[in-house]
Structures are given as C-alpha cells and as structure tokens.
Amino acid sequence: MARLLAAFDDWVARGPFTARDLAVFRIIFASAVLLMLPRVTLVAGRPDSFLAPPPGPFELMHTVPSEGMLLVLEILLMLAAASLCVGLFTTFSSLALSGLIMVNLGIEYSFGGLEHTIFLVLVPLTLAFSGWGRQWSLDSLRTGVTDDDEPQWPLRLLAAGMGVAFVGAAIPKMQAGWLDPTTHAVQGFVLRLGIHGHAIPMESVLDATPGWTWEILDVATVALELVVVLTVIHWPSFRVALAVLCTFHLGVLVFLDISFWQNAVAYGAFVSWTALPDLVRGLRRWLMAGRWRPSIGSLAAIGLIAVGTYACRLGIVSHGFDGGVTVLAGLVGILYLGSLIARRAIVWSPRM
Amino acid sequence: MEPRLRARIGFAILALAVPTQFLVKAVADEPYPGLFMPPFNNVTAVHGMFSRTSFEVTVRFADGGHARIDTELLLAANDATPTSVYASVFDTNLDPTDPRTVAWFRGRLAVLFPRRDAKTVVIDVIRSTYRLADRSLISRHRVRSHQIEVG
C-alpha cells in the first residue's frame with residue numbers, strides 16, 4: 001500500500017507546468033469569464049412554476065430569485081473574476097469564482113435545461129491550489145513570493161476531472177445506440193441542430209456524405225470520449241487528446257452550430273504559454289535556414305492547416321465572439337496535430 | 001498542509017464524487033453540479049428516418065384575430081438559453097392552469113402585443129418525420145396541445 005501511495009505521489013507531482021504558464025492562463029481564464037459568461041439576470045421575471053431544477057442543491061430553490069438578488073450574484077461573480085485576473089487574494093478569488101459560477105449557472109439551469117459547462121467551475125476550484133497567482137499578480141507584489149516551484153497535482157486533478165466528464169458523456173451515448181449501425185446519431189444531430197443558418201451549404205454536405213461516414217463519426221465520437229481519461233496518466237498523450245478535442249469542438253461548431261467555448265478556454269490550462277515566443281523564434285529560424293524539404297508528413301500538415309483555416313473562417317461567419325474562441329482553439333489543435341504529423345513521431349517521454 | 005497530502009485529499013474527493021454522481025444519474029437524473037459532458041442521447045436518425053419536435057405558439061385575441069409567436073421571443077431568451085428549456089417550459093413541465101404560469105403569459109403578451117387583448121395561448125407540440133436519404137417530409141402531426149386562458 002505504501003509503495004502504491006509513493007508511486008501515486010510521484011505521478012501527481014510530475015508535470016511541465018510553470019508558475020508563469022499558469023499565470024498567463026489565469027489571466028486568459030478570468031478574462032474569458034468576464035467577457036463571455038451569460039448573464040443570469042436573463043431568468044428574472046420567470047414564474048416559480050417554470051422551475052425544474054436538476055438533482056442536487058438547486059432542488060432546494062423553490063422560488064426564482066428576485067432581479068436584485070440575481071444582479072448581486074452577477075456583480076459578485078464579476079468582482080471575483082476581476083480579482084482573479086489581476087491576481088489579488090488569488091486562492092480566495094479562485095474558490096469564490098468557482099462557487100459563484102456554479103451558483104449563477106445552476107440558477108440558469110433550473111428551468112429544465114442543463115448545459116455542460118462544468119469545466120468553468122472545475123478550473124478555478126482545482127487551480128486555486130496550483131499557485132497560479134504567484135507570477136504576474138498583485139499577490140506577488142504584495143507578498144514578494146514569486147517562486148517557480150509549483151505543485152503539479154492540481155493540473156493532474158483537473159485533467160482527471162475532465163477525463164471523467166467525457167466518460168460521463170460516452171456511456172449514455174452507448175446506451176442510446178450510437179454504436180448501433182442502424183442509427184446515425186451524428187447525422188440526426190446535424191439535421192436537427194445544424195441545418196439552419198449555416199455559412200456552408202449543409203444540404204450539399206449531407207448529400208455528398210455516404211452513410212458509412214456517419215457511422216464512423218458515431219463510433220469515433222464515443223471512442224474519443226472514452227480515451228481521454230486514459231491519457232491523463234501521461235502528459236504528452238493528454239495534450240494530443242486535447243488537440244483532438246479542440247478539433248472535435250471545431251467540427252461541432254461548424255456542423256451543429258454549438259460552441260463549446262467553455263471547454264476550449266479550460267484546455268488552455270495545459271498549454272505551456274511561456275514557450276510560445278521560443279516556438280515562434282524557432283519556427284522563424286527554421287524557415288529562414290531553408291531546411292524545409294517536401295515530405296508526406298509536411299504536406300499532410302499543410303493540408304490540415306489549410307482545411308482547418310477554411311473551417312475556422314466558416315465558423316466565425318456563422319457564429320459570434322464565443323465561436324471565435326472555439327475556432328481559435330480548433331486551429332491551435334489542428335496546428336499541434338499537424339506539427340506532430342510533420343515530425344512523424346510523438347516523442348514518448350515516460351518521465352513527463 | 002503539504003502538497004502530497006493535498007493531492008491525496010483532492011483525488012480521494014474525486015474518487016468519491018465519481019460513483020456518487022453516476023449513481024444519482026442512474027436512479028434520478030443527471031445532477032448539477034456534476035462532471036458530465038453532453039450525452040446527446042436522444043438519437044433521432046434511425047432506420048433511414050429522422051424526426052424532430054418543434055413548438056408552434058399561437059395567440060388568439062378578443063377581436064377574433066390570431067398571431068404566431070416565436071418561442072425565443074416569448075421566453076425573452078437568447079442564444080445562451082439551453083434548447084431543452086423550451087421543451088420544459090412549453091411542454092413537459094407546463095401546467096396551463098397554474099395561476100403563476102397564467103400571470104406570466106399574460107404579462108409577456110401585454111409587452112409583446114401592447115395594443116391587443118389576448119385571450120388564449122395555444123402551444124402545439126409538432127412531431128415531424130423525414131426520410132434521411134433526401135430529407136423529404138414523410139409525416140407531420142400534432143403530438144399534443146396546451147391551452148392557456150389569459151383573458
């Protein structure tokens with residue numbers, strides 16, 4: 001047992017994330033919440049008879065809160081997000097923001113509709129313990145603590161929570177018949193949700209798509225959702241899974257007209273933001289050195305980037321600001337996968 | 001508290017929460033908060049057919065006229081409003097005789113039709129079935145109807 005615990009302790013402590021990476025993500029996450037979280041005051045004025053809360057604490061809510069109360073909740077949420085953004089009392093701000101997002105969205109979801117935005121709650125709840133306020137923050141100026149030796153376990157816990165959530169999506173799909181060849185679940189949702197108001201001629205897409213393609217999409221969706229949790233054990237694999245998920249969310253936006261911007265933002269927790277300037281400098285040096293030679297891998301990467309860029313353009317046309325975030329994440333995911341294909345190998349690093 | 005202990009507590013909470021939330025979902029419904037992504041479990045394309053449910057809301061006025069109204073406009077909702085809210089509010093959880101419901105419809109209609117005297121709101125739940133191959137309409141029928149007397 002002791003050996004098992006020691007192995008667990010060693011595993012959760014491993015990770016490539018620095019305080020500066022987390023600080024960049026803290027600012028991005030808080031800004032996204034400030035700019036894009038829907039207003040809960042929208043439900044003000046609805047009668048109590050419309051309440052149909054999901055199982056959980058919101059079953060205790062028997063009356064719709066007054067407009068004043070909803071406004072107070074909204075203002076508190078904005079204050080917590082702003083405080084997190086500038087890194088003031090970061091641990092407290094993170095936990096408060098997590099709770100306030102949960103309450104604000106919980107009220108909105110108490111009218112018979114439950115959206116799957118739990119990553120917005122999970123991110124500040126777990127990363128409150130990551131030290132994401134130790135760099136580029138008012139806390140670092142206030143306390144003088146700016147060390148870069150950050151605990152990695154909150155990231156591993158966040159990843160595990162995300163993996164579990166996707167398993168929670170895959171099981172009902174299997175029970176509903178997504179793997180049954182006589183059903184075409186994705187095709188049904190494209191027809192039901194995505195056929196109107198699109199930037200692309202969806203009817204042509206539907207006509208040009210053979211039936212077996214829809215079945216492959218059904219199976220691939222379930223497989224992806226089941227695999228994510230397994231990749232949590234190994235950071236490079238988890239990042240590949242996130243890149244595939246970003247591409248998947250881009251597809252959902254383009255074909256179903258649903259923007260999972262909340263997920264796209266949450267995945268940013270696992271990006272090594274501070275490595276980006278080095279990446280850009282390295283790419284520029286590589287291009288300037290004229291080392292590129294045509295190869296199957298690099299041509300496939302260019303093809304992926306071209307298709308991805310076109311999909312992004314269509315997504316932005318048909319959707320708004322939050323669609324733009326999903327599109328950007330999708331583009332990053334495609335670029336990341338494209339770079340892996342170009343290198344023709346995923347480096348397996350067991351110590352990560 | 002040292003990071004190692006915090007990590008163990010964090011994962012222990014997750015290990016307890018996961019079976020609990022799946023148990024609640026099995027015996028009741030999907031809980032909130034809960035670690036779930038969208039199930040998309042209402043498969044509508046089966047055996048070459050595809051079906052969808054929609055709502056048609058008609059307001060009848062005292063002057064004998066009537067008007068169709070968009071559900072999003074009636075609910076004062078926006079794009080962020082979950083689509084399943086419409087099914088709940090206008091169908092599955094609707095009690096047309098509840099005085100709170102009646103008062104709400106009356107208030108909304110007074111805002112949307114300030115110069116007309118609304119008497120009745122009729123909500124028709126429509127089930128349409130299409131052929132997948134060419135998306136041609138095979139059948140379209142009213143599943144049920146709700147009537148709210150507001151005048």
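How much area do chain B and chain A bury between them, and what share of it is on carbon and sulfur atoms? In this predicted model, the two chains bury about 5300 Å² between them, and 69% of that area is on carbon and sulfur atoms. The size of an interface is often given as the accessible area lost when the parts come together.

**Contact between chain B and chain A**

- On the chain B side, 55 residues are in contact with 70 residues of chain A.
- Two salt bridges are counted between chain B and chain A.
- One salt bridge joins the side chains of Asp9(A) and Arg8(B), with an N to O distance of 2.5 Å.
- Ten residue pairs, both members at pLDDT 80 or more, are in polar contact between chain B and chain A.
- Five elements of chain B each supply at least two residues of the side that touches chain A: helix 1 (3–27), strand 1 (45–46), strand 2 (49–61), helix 3 (83–92) and helix 4 (99–112).
- Helix 1 of chain B gives the largest share of that side, 13 residues.
- Sorted by class, the side of chain B that touches chain A has 32 nonpolar, 13 polar and ten charged residues.

**Domains of chain B**

- Chain B is divided into domain 1, residues 1–41, and domain 2, residues 45–149.
- The C-alpha centres of domain 1 and domain 2 of chain B lie 36 Å apart.

**Strands 4 and 5 of chain B**

- Strand 4 (residues 118–131) and strand 5 (residues 137–149) of chain B pair in the antiparallel sense, over eleven bridges.
- Within this pairing, Ile126(B) stands opposite Arg142(B), a residue of strand 5.
- The hairpin made by strand 4 and strand 5 of chain B has five residues between the strands, and Arg135(B) takes a positive phi near 60 degrees in this hairpin.

**Backbone exceptions in chain B**

- Most residues other than glycine have a negative phi, and most peptide bonds are trans.
- The peptide bond from Tyr32(B) to Pro33(B) is cis, with omega near 0 degrees.
- Pro33(B) is placed in the loop between helix 1 and strand 1 of chain B.
- His47(B), a residue other than glycine, has a positive phi, near 50 degrees.
- His47(B) is placed in the loop between strand 1 and strand 2 of chain B.

Conventions: Residues numbered from 1 in each chain as written. Chains lettered and ligands numbered in written order. Heavy atoms only, no water. Contact = heavy atoms within 4.5 Å. Buried area = accessible area lost by both parts, 1.4 Å probe. Salt bridge = Lys/Arg side-chain N within 4 Å of Asp/Glu carboxyl O. Polar contact = N/O pair within 3.5 Å; in protein donor to acceptor, adjacent residues only side chain to side chain. Helix = DSSP H or I, 4+ residues; strand = E, 2+ residues; numbered from the N terminus. Nonpolar A, V, L, I, M, F, W, Y, C, P; charged D, E, K, R; others polar. Domains from an automatic or database assignment. Pairing = 2+ DSSP bridges.
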